[in-house]
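Please look over the sequence and the model shown here before reading the notes that follow. They are grouped by topic and are meant to be read with the structure open.

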Amino acid sequence: MREPRLALITRPGCHLCDDAKVALDRVVAVTGDRWTEKDVTGDIELEREYGDRLPVVLLDGKEHGYWRVEEERLLRDLTTPQL
């Protein structure tokens, strides 16, 4: 099984992160994809890169958005064939 295309960068106690998890669950319910969570706690590189903008959604390893999940845009980007 291949790695999930989606990753959510979070930290404990982040209410926007909790909202993003629910939004990602809605998206993957439509697309059949999976997502993984990466916690910045204890990871200085993730904290340095994303700490001010959590939660951050990564699609195929690239930043897709932060603070809020743009569900329609994410659905479109997940379902558009890659060149």
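A residue is called buried when its relative accessible area is under 20%, exposed when that area is over 50%, and partly exposed in between. The model is a predicted one, and a search of the whole of it finds one disulfide, one aromatic pair and nine salt bridges.

**D33 and its surroundings**

- D33 is found in the loop between α1 (15-31) and β2 (35-39), and because its relative accessible area is 18%, under the 20% limit, D33 counts as buried.
- The side chain of D33 makes a polar contact of 2.8 Å with the side chain of T31.
- When residues up to four places away in sequence are not counted, D33 touches R5, V28 and L78.

**The disulfide**

- Sulfur atoms of C14 and C17 are joined in a disulfide, with an S to S distance of 2.4 Å; such a link is a covalent bond between the sulfur atoms of two cysteines.
- The torsion about the S-S bond of C14 and C17 is about 80°, and the disulfide is therefore right-handed.
- Both partners are buried, C14 having a relative accessible area of 13% and C17 having one of 1%.

- P55 is found in the loop between α2 and β3, where it is buried with a relative accessible area of 3%.
- P55 and R73 are 18 residues apart in sequence, and their C-alpha atoms are 16 Å apart in space.

**The aromatic pair and the charge over a ring**

- The one aromatic pair in the structure is formed by Y66 and W67, which are arranged edge-to-face, with 4.8 Å from centre to centre and 75° between the planes.
- Y66 is partly exposed, with a relative accessible area of 37%, and W67 is likewise counted as partly exposed, at 44% relative accessibility.
- R53 lies over the face of Y66, at 5.5 Å from the ring centre.

- Side chains of opposite charge can pair when their charged atoms come close.
- The side chains of D60 and R5 meet in a salt bridge, at 2.8 Å from N to O. This pair links distant parts of the chain, with D60 in the loop between β3 (56-59) and β4 (62-66) and R5 in the segment before β1 (6-10), 55 residues apart.
- Within this pair, D60 is partly exposed at 38% relative accessibility, whereas R5 is buried, with a relative accessible area of 13%; R5 is also one of the residues that D33 touches.
- E63 forms a salt bridge with R53, the closest N and O atoms being 2.6 Å apart. Here too the pair links distant parts of the chain, E63 being in strand β4 and R53 in the loop between α2 (44-50) and β3, 10 residues apart.
- K21 and D18 meet through their side chains in a salt bridge of 3.9 Å, N to O. Because these two residues are three residues apart in helix α1, they are separated by about one helical turn.
- K21 counts as partly exposed at 23% relative accessibility, and D18 counts as partly exposed at 42%.
- D18 and K21 are also linked with E37 in a network of salt bridges.

**E47 in helix α2**

- E47 has its place in helix α2 and is partly exposed, with a relative accessible area of 31%.
- The side chains of E47 and R11 are joined by a polar contact of 2.7 Å.
- Not counting residues up to four places away in sequence, E47 touches R11 and V40.

Conventions. Residues are numbered from 1 along each chain as its sequence is written. This is a predicted model: local features need pLDDT of at least 70, side-chain atom pairs count only at pLDDT 80 or more; totals for chains, interfaces and linings use all residues. Side-chain values use heavy atoms; hydrogens and water are left out. A disulfide is a pair of cysteine sulfur atoms within 2.5 Å. Buried means under 20% relative accessible area, exposed over 50%, partly exposed in between (1.4 Å probe, protein chains only). Helices (H or I, at least four residues) and strands (E, at least two) are DSSP runs, numbered from the N terminus. A polar contact is a pair of N or O atoms within 3.5 Å; within protein, one must be able to donate a hydrogen and the other to accept it, and residues adjacent in sequence count only if both atoms are side-chain atoms. Contact means heavy atoms within 4.5 Å. Rings of Phe, Tyr and Trp (its six-membered ring) pair if their centres lie within 6.5 Å; planes under 30 degrees apart count as stacked, over 60 as edge-to-face and the rest as tilted. A charge sits over a ring if NZ of Lys or CZ of Arg is within 6 Å of the ring centre and within 35 degrees of the ring normal. A salt bridge is a side-chain nitrogen of Lys or Arg within 4 Å of a carboxyl oxygen of Asp or Glu.
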